[in-house]
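Hello,

Here is the structure I promised to pass on. Please open it first, then read my notes on its aromatic rings.

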Amino acid sequence: MKPIWHFVGLILVVMGGVILTAGLWSLWVKPLGPPKVLSSLHPELWWGGFMILAGAAFLVFNRRSRVE
Amino acid sequence: MQAIGLTPFDWVIILVYFAFVLGIGFYLKRFTRSDEDFFLAGRRNSAWVAGLAFLSANLGALELMGMAGNTFKYGMYVAHFYWIGAVPAMVFLGIYMMPFYYSSRIKSIPGYLKLRFDEKTRVLNGFSFAAMTLLVSGINLYAMALVLHTFLGWNWDVSMWVSALTVAVYVTMSGLLSAIFTEIIQFFLIWFGLFLVSVLGIIEIGSWDEIFARLPEGFARLWSNSGDPTQNGMLITWGGIVLGLGFVLSFGYWTTDFLVVQRAFSARNLRTARLTPLLASFFKMAVPFLVILSGLIALALSRDPASGFQLMSDGGKVNYDSALPMLISRYLPPGLAGLGVTALLAGFMAGQAGNISAFNTVWTYDIYRSVFNKKASPQHLLWMGRAATVAGIFLSVGTAYWAKSMPTIMDYMQAIFSWVNAPLFATMLLGMFVKWITPNGAFWGLIAGMGSSFAMYLGVKFQWIPMKLITLSSVSSDMAANFWRAWWAWLICFLATILISLFTRKKPESELVGLVKGLTPRVIDEGIPWFKRPAFYAVLSLLVLIALNIAFW
């Protein structure tokens, strides 16, 4: 069976992707709601990107491992 | 008033979470063939998997929000729950107790009581644990619905039923394995979803030092104001913290509560099982940087009128639990707000799954097979485990509706652990380390400990006895009373067990091999490099603990 780390990687990539998309949408299409404190830092962009990278690392490092 | 508004992106995040946990349940079902697969996850987990699950089983959303709120109320003192109130007990479990638990191949904590003492002690503990677990599970469900209704405006019944049925589906399919998988996913969601709140809080306030500079005097320290109870928000002395929280409540919970210890039983071998609580202790020590820090940030912001930050209030009374949701609302934009809400939701649901997977094991092995059907086959037990999962969920929902009709039930939750776990720790300690403790001594000692704890609780609640008799101080709080009551219950159980054992029949030593110190071969980690030995991690964990306590003295 696939190890838990595979699923952790998958969910981080998917959620990070949604968060990054939300950030890009707010930036380029239209704001999604009233501005938050420190919104000028665009945390959704770098945190979403960070989640994608972390998730990808989990997927890559566990791509061949199996739990018997 | 709703604290957090959600956009379609936030809803997508929440739906992704539900799809994942259900998908994992379906995926793991094909690997759940035997009763050992269902109840102990096939005993195939690594120390990392078991360790993170061990910690996450305790890292519920109620705890995250409650502890952030308590920090707003009491300051750094709350970090005692994570450091002295957890780490020494986790180290003790890993180094001294796990060899007895794991080597005897038991499936539950009551199972150990059966081997070491007798059937009646096992059944007593099995029933009290099952009742406690269902009560906690129901109250957890009620609290979740209340939180979602208060902060998000969600329908009370819909949010409760949807989450309860989701948990029922994935735990019924693959038991402890799916509970552990979702607990680990919850761990990552909590860190990714909530740590950003602390980071942004530090950026807004300016620095770590500036946060502490804005706190009221005494709120930034752990021990230096613990000599006089009037000088700290919790109204408790260092004696109550060390004896009540650091010793009895902490050891009682972390070493005997099957909800957490079950995760270590799922480890693939003894060394891995011993490493489970030791690795978890490092993560436990890190949790204050998520929870306590956000509580301190909320407090620092609320003391600055220019920040515009304040907690929610219900009928003029400050809602301290709103500290974390209000910070999520302040900092997290669309998408990230959904992640923050999902982290809380995952915390509630994983807590529910943890309680139910512990309940179905104790019900199946320690009550059903022990009392009702001694000859049940492994396949029948597997079926019973699944049936107990569904029944447990419905009983939890019933308890949640009961809690809704009687909100004061929440007040009892803190006290429940000192009724069941504190005396049980005395029984376990004596059972594992003193070979002449008898079955009748253990049984009646346990009854005396549980009964006295309950009587002290009622006595103080209805003012039959003054609180200062329990807390040894004229100034004290309910929290202080909990700590001290746990200590007295432990002491009564400890002394009663010894006294009764002196006059009752002992078990033959041949039946105690592998269960008691002195009759069990010592665990020697020969041939294992020093950096892979449990003792190394135990020493390292204690050194970090000491450093943290000195840093915030």
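Both B:F129 and B:F258 are buried (under 20% relative accessible area; exposed is over 50%, partly exposed in between, with a 1.4 Å probe and protein chains only). This is a predicted model, where local features need pLDDT of at least 70, side-chain atom pairs count only at pLDDT 80 or more, and totals for chains, interfaces and linings use all residues. Residues are numbered from 1 along each chain as its sequence is written, chains are lettered from A and ligands numbered from 1 in the order in which they are written, and side-chain values use heavy atoms, with hydrogens and water left out.

Now the pairs. The whole structure holds 58 aromatic pairs over all chains. Rings of Phe, Tyr and Trp (its six-membered ring) pair if their centres lie within 6.5 Å; planes under 30 degrees apart are stacked, over 60 edge-to-face, and the rest tilted.

B:F129 and B:F258 are edge-to-face, at 6.2 Å centre to centre and 70° between the planes. B:F129 lies in helix α7 (residues 119-152) of chain B and B:F258 in helix α11 (residues 258-265) of chain B, so the pair ties together parts 129 residues apart in sequence. Helices here are DSSP runs (H or I, at least four residues), numbered from the N terminus.

B:W487 and B:W488 have ring centres 6.3 Å apart and planes at 55°, so this pair is tilted. B:W487 is buried, at 14% relative accessibility. B:W488 is partly exposed, at 22%. Both belong to one aromatic cluster, whose members include B:F92 and B:Y96.

Best wishes

Notes. Helices (H or I, at least four residues) and strands (E, at least two) are DSSP runs, numbered from the N terminus.
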